[in-house]
Amino acid sequence: MNCRQTRHRDGQVTYSHQQVSAVVVHPVKSAVLPLGAEPISQAPGQPKQACEYVADALYANAPTVRLLRELQLDFILSVKPSKGRQSVFAYDAVSGYAEAKWHRASVTQAQQERLPKDRGTLEYRMLRARSLNAANPDVQVTVIQCQQRTRSGCRVVGEWITNLPVTPSSVAIIVRYARRRWMIENGVFKAMKDSTGGNFEHNFGHGKESLCDNFGQLMVAAWLMDQLCLLTCKYFHAIRHFSTAWAAQWERQRTYLFDCEVSTWLAFYKFILKGVDPPELN
């Protein structure tokens, strides 16, 4: 069995399986596409197990930035303040920074913001050529900060570092791209793990050799097909509105398959919709 092993202090061992997947998101489209999945396992002859290493808020650090630059990849990395580390928002306390002033997007630029309720309330700031931290003064990045100003006061929306060229006219769309990353966890992984979705976290048994890992990759492939249908098929998109839970949608389709005989998926979707032709997708 290619199981991960977690050894506890009391001597007990927990066996589990994990995998990491690359995901593609779009700042406007609702579909989220997982592109392949790789099991996290211990290679033969290696003393340590492989581990997941993703560019979330924990990895806006010098090694990650240097690696991305070495690979000639553009990046937008979230910054998350932690104990013992000041937020990059502390830049506004340093005198002499001409860029420390907040500004709101124009009416045209505000249309690029993710949520209609945010438009006209968000303020942005760009701090160019800033050292990532005191320990790595040579790692220069552009800091993007976003806050929301309402009648009740200001709320920090987010903070990111990037190597992309950022201007007052482009900062709103870049922040929209950055904020869309939440779909990776909530639009794919959470939905797949949740019992109302793919129930990925349920233990169906370890099996022999790579059985459990293969099941996991098949689940990712099935999810990819659903997302492609959601993106391109108006019939599937219409059926999706019947339920907010993916598991309920799959159960609905499974139930219909017991009661009808169809030759194509298109005919099957039309059967579920009772002949109603949905509107074209935008």
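## Basis

In this predicted model, local features need pLDDT of at least 70 and side-chain atom pairs count only at pLDDT 80 or more, while totals for chains, interfaces and linings use all residues. Residues are numbered from 1 along each chain as its sequence is written, and side-chain values use heavy atoms, with hydrogens and water left out.

Helices (H or I, at least four residues) and strands (E, at least two) are DSSP runs, numbered from the N terminus.

## Helix α7

Helix α7 covers residues 246–259, 14 residues in total.

Trp 246, Gln 249, Gln 253 and Tyr 256 of α7 are buried, meaning under 20% relative accessible area, where exposed is over 50% and partly exposed is in between (1.4 Å probe, protein chains only). The face of α7 turned away from its buried side carries the exposed Phe 258 and Asp 259.

Strands β1 (residues 4–7) and β2 (residues 13–16) run antiparallel and are joined by four bridges; two strands pair if DSSP finds at least two bridges between them. Thr 6 stands opposite Thr 14 in β2. Five residues lie between the strands, and Gly 11 takes a positive phi near 95°.

## Five-stranded sheet

An open sheet with antiparallel pairing has the order β5-β9-β8-β7-β6. β5 (76–78) and β6 (103–104) stand at the edges with a single partner strand each, so one side of each is left without a neighbour in the sheet.

Key. Expected span 1.5 Å × (residues − 1).
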